[in-house]
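Trainee: I would like to learn how to read the contact between two chains in a model. Can we go through one together?

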Amino acid sequence: MKLDDLFDKAQRLEAPGSLKERVMNQVVKDAAPAGIPPLAGRLERFFLSWRVAVPLAAAAALVLAVQFAGRPAGEVKTARQAAQQQPAAESPSQANMGEFIYETLGPVYEFASGQAAAFDDEPDDISQFVSKQLKEIYWLNGDNNA
Amino acid sequence: MMSEARIVDRARQGDAKAFEALFERYKQFVWNVAYRMTYNFETAEDLAQDVFVAAWKALPGFKGDAAFSTWLYRITVNKSLNLLRSRATAAHEGDEALYNHVDAEMFMRQNPEAHAGALEAERQLSKLLAKLDPDRRAVIVLREIEGLSYEQIAGATDVAVGTVRSRLARARAELTKLAAEMEMNG
């Protein structure tokens with residue numbers, strides 16, 4: 001028998017009825033395959049699909065066009081123009097600066113004087129206190145022990 | 001009527017009814033390939049079941065880059081080739097007699113509408129296909145019996161169209177030679 005005759009005579013066979021039963025039993029048993037995508041996944045797929053993405057992009061472009069259509073270019077301010085129209089910032093006065101220095105450095109001076117008084121039982125000022133500390137460091141690390 | 005893409009999408013989401021619709025659509029293809037690759041009724045039924053269950057489990061990962069049919073064809077061919085190769089490597093002398101043999105009673109019961117020459121043609125075909133290596137056997141079944149295009153076969157076997165053409169030409173040449181020998185030997 002020729003090959004082509006053989007192929008012509010071979011016909012498509014019917015699948016056995018038991019196959020469906022076997023397959024569907026297994027499918028039902030495994031139902032809810034790894035597969036049910038979570039809601040977030042479904043939403044992502046929905047929004048990523050071009051059928052939705054294209055109209056959404058078109059709508060967004062339309063909204064932007066309407067938003068800017070009524071505004072001539074002259075009305076749009078640059079960042080520098082906007083800054084120039086702000087009220088001038090307050091400039092520091094001499095009195096304010098003095099008050100700032102007094103408030104910031106005053107406590108330091110008072111603290112140092114207090115420390116010195118605590119050691120020597122007599123009032124001291126910051127220059128004497130620092131000088132005394134430096135002499136002590138010099139004595140311990142240099143002069144007499146060298 | 002629901003499109004196949006929609007049915008596949010629903011099956012992918014775990015809808016067993018949608019998968020049943022896909023089964024109905026492709027059962028004949030899967031069965032015919034499984035049967036012609038083994039010519040053993042029970043093995044073919046196991047194989048066909050294996051194909052559909054594997055497809056069901058893998059469906060969530062089906063991206064839809066290729067047509068569902070191509071994807072299912074590929075699963076069918078891969079499962080068939082794996083079976084034939086594993087059988088070839090672990091073959092027992094006695095086992096081979098179980099395959100490539102058309103059970104006439106079973107064949108007629110399954111195909112009561114079969115024309116007179118169908119059974120004899122199937123017997124001869126089973127003997128010829130048994131002598132081909134699995135890859136050539138697959139392209140012959142897909143092309144000559146299932147009528148798939150070269151492109152569809154390339155998708156199902158994951159090779160280039162050119163490879164399909166050359167594999168098919170060699171398989172046909174081999175079959176022609178085998179058929180002549182068979183006829184000579186009576």
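Mentor: We can start with charge pairs. This is a predicted model, and between chain A and chain B there are seven salt bridges.

Trainee: Which residue of chain B forms a salt bridge with A:Arg12, and how far apart are the closest N and O atoms?

Mentor: The partner of A:Arg12 is B:Glu146, with the closest N and O atoms 2.4 Å apart. The elements of chain A that give two or more residues to the side touching chain B are helix H1 (3-9), helix H2 (17-29) and helix H3 (39-48). H2(A) supplies the largest share of that side, eight residues. Sorted by class, the side of chain A that touches chain B has 17 nonpolar, four polar and nine charged residues.

Trainee: How should I read the size of an interface?

Mentor: The accessible area lost when the parts come together is often given as the size of an interface. Here chain A and chain B bury about 3700 Å² between them, and 61% of that is on carbon and sulfur atoms. On the chain A side, the residues that lose the most area to chain B are A:Phe7, A:Arg12 and A:Leu13, which together make up 20% of what that side buries.

Trainee: How many residues does each chain bring to the contact?

Mentor: Chain A brings 30 residues and chain B brings 47 residues.

Trainee: What is the secondary structure of chain B?

Mentor: Chain B has 10 helices and zero strands, so in sequence order its pattern reads α-α-α-α-α-α-α-α-α-α. Of its 186 residues, 48% count as buried. Among contacts in chain B with a separation of 6 or more, 63% are between residues 24 or more positions apart.

Trainee: Which residues have the most contacts inside the largest nonpolar core?

Mentor: They are B:Phe19 and B:Phe68, in a core of 71 residues. Helix H2 (residues 16-38) of chain B gives this core its largest share, 12 residues.

Trainee: What is B:Phe68 in contact with, leaving aside its neighbours within four places in sequence?

Mentor: With those neighbours left out, B:Phe68 is in contact with B:Glu4, B:Val8, B:Leu22, B:Tyr26, B:Leu59 and B:Phe62.

Notes:
Residues numbered from 1 in each chain as written. Chains lettered and ligands numbered in written order. Predicted model: local features only at pLDDT ≥ 70, side-chain atom pairs only at ≥ 80, totals over all residues. Heavy atoms only, no water. Contact = heavy atoms within 4.5 Å. Buried area = accessible area lost by both parts, 1.4 Å probe. Salt bridge = Lys/Arg side-chain N within 4 Å of Asp/Glu carboxyl O. Helix = DSSP H or I, 4+ residues; strand = E, 2+ residues; numbered from the N terminus. Nonpolar A, V, L, I, M, F, W, Y, C, P; charged D, E, K, R; others polar. Core = buried A, V, L, I, M, F, W, Y, C linked by side-chain atoms within 4.5 Å. Buried < 20%, exposed > 50% of the residue type's maximum accessible area, 1.4 Å probe, protein only.
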